[in-house]
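Visitor: I have a new structure on my screen. Please show me how to read it, one feature at a time.

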Amino acid sequence: MTEIFSYTACRQLSQMFLAILFFHTSEFILAIVIHGRSNVTLSSLLISAHYILAMIFSLAEYIFEIVFFPELKEYWVISNVGLAIVVIGEVIRKLAILTAGHAFTHLIRTHRHDDHRLVTHGIYGFMRHPGYSGFFIWSVGTQIMLCNPISVVAFAVVVWRFFAKRIPYEEYFLRRFFGREYKEYAKKVGSGVPFIN
Ligand SMILES: C[S@@+](CC[C@H](N)C(=O)[O-])C[C@H]1O[C@@H](n2cnc3c(N)ncnc32)[C@H](O)[C@@H]1O
């Protein structure tokens, strides 16, 4: 049991806590800066029941493994690569939010607003869904950082399946809003999420 208070656990769990804290507070602050306080609710913290369950599962896996298989958490190269992946995912996601500006709404728009323009510059020139790609990378990175083998696979599968449904739904409306312009853009630029066209 003392492993829970070891240097390894304290460092890896603090990194996880800071990664989560930074991700959610920065999402919320950026939403307020871009859309204005009156248009932002607590839902912009992006903390859903499924998300909390996933994080509890990941923490349970971590505690179980650090108690019964503490050597599993000592792969520092893997853990540090995970930390680097978390930072990369965070940077991609925040670049997406800053580049898209007003167009980046947490709820998918089903009606076109007059000021909604198709964004294809900056990071959107490299991938169509940098916000989703960044979150996918970030979430899997957190589990690599914790050396949580089950959660690495579980997070990759669950987050991928979520975006595999969300992206076609979002793009249905983007095609309706921007027609040919979006078709041409989608022909040239990939989604940014593995195995999603
Ligand atoms: C949560 S944001 C995610 C944006 C994008 N899917 C991404 O991953 O960066 C969802 C909103 O962004 C808008 N959106 C997505 N791609 C866009 C683009 N290239 N230009 C303008 N608006 C876009 C959609 O209409 C939707 O309301």
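Visitor: Where does Cys-147 lie?

Guide: First, a caution: this is a predicted model. Cys-147 sits in the loop that joins helix 4 to helix 5. Look at the residue's backbone angle there. The phi of Cys-147 is positive, about 50°, although Cys-147 is not a glycine. Helix 4 is followed by this residue.

Visitor: Is Cys-147 buried or exposed?

Guide: Compare the relative accessible area with a cut-off: under 20% is buried, over 50% is exposed. Cys-147 has 8%, so Cys-147 is buried.

Visitor: What follows helix 3?

Guide: Gly-101 does, with a positive phi near 60°.

Visitor: Let me step back. How many helices and strands does the protein have?

Guide: Count five helices and zero strands. Along the sequence, the pattern reads α-α-α-α-α. The C-alpha atoms fill a box of roughly 60 × 35 × 25 Å along the principal axes.

Visitor: What share of the residues is buried?

Guide: Of the 197 residues in the protein, 43% are buried.

Visitor: What span should helix 2 have?

Guide: Helix 2 has 20 residues, so it should span 28 Å; its end C-alpha atoms are 28 Å apart, which agrees. Repeat the test on helix 3, residues 76-100. Its 25 residues should span 36 Å, and its end C-alpha atoms are 36 Å apart, so the two agree. Helix 4 has 16 residues and reaches 22 Å, close to the 22 Å expected.

Visitor: Which residues of helix 2 are buried?

Guide: Start with the general idea. An α-helix has 3.6 residues a turn, so residues three or four places apart point the same way. Now list the buried residues of helix 2: Tyr-51, Met-55, Ser-58, Glu-61, Tyr-62, Glu-65, Ile-66 and Val-67. They pack against helix 1 (7-35), helix 4 (130-145) and helix 5 (149-188).

Visitor: What does the side chain of Ser-58 make a polar contact with?

Guide: With the side chain of Gln-143, at 3.2 Å. Ser-58 belongs to helix 2, residues 49-68. At 2% relative accessibility, Ser-58 counts as buried. Leave aside its neighbours within four places in sequence. Its contacts then include Met-16, Leu-146 and Phe-155.

Visitor: What do the buried residues of helix 3 pack against?

Guide: They pack against helix 1 and helix 4. Among these buried residues are Trp-76, Glu-90, Arg-93 and Lys-94.

Visitor: How many residues of helix 4 are buried?

Guide: 14 of its 16 residues are buried, so helix 4 is largely enclosed by the rest of the structure.

Visitor: Which residues are closest to the ligand?

Guide: Val-119, Tyr-124, His-129, Gly-131 and Glu-170 are the closest of the 17 residues that surround the ligand. Next, look for polar atoms. An N or O atom in the side chain of Tyr-124 is 2.7 Å from an oxygen atom of the ligand. A backbone N or O atom of Ala-103 lies 3.1 Å from a ligand oxygen. For Gly-131, a polar backbone atom is 2.8 Å from an oxygen atom of the ligand.

Visitor: How much of the ligand does the protein bury?

Guide: Taken alone, the ligand exposes 560 Å², and the protein buries 99% of that. Helix 4 and helix 5 are the elements that give two or more residues to the shell. The largest share, three residues, comes from helix 4.

Visitor: What does UniProt list as "transmembrane region"?

Guide: Its unreviewed entry lists residues 12-33, 45-69, 75-92 and 135-163. Check each span against the model. Residues 12-33 are 100% helix, with end C-alpha atoms 31 Å apart. Residues 135-163 are 90% helix, with end C-alpha atoms 10 Å apart.

Notes:
Residues numbered from 1 in each chain as written. Predicted model: local features only at pLDDT ≥ 70, side-chain atom pairs only at ≥ 80, totals over all residues. Heavy atoms only, no water. Helix = DSSP H or I, 4+ residues; strand = E, 2+ residues; numbered from the N terminus. Buried < 20%, exposed > 50% of the residue type's maximum accessible area, 1.4 Å probe, protein only. Polar contact = N/O pair within 3.5 Å; in protein donor to acceptor, adjacent residues only side chain to side chain. Contact = heavy atoms within 4.5 Å. Expected span 1.5 Å × (residues − 1). UniProt positions renumbered as here; feature names shortened; annotations may be inferred. Near = heavy atom within 4 Å. Areas by Shrake-Rupley, 256 points an atom, 1.4 Å probe, with all protein chains shown as cover.
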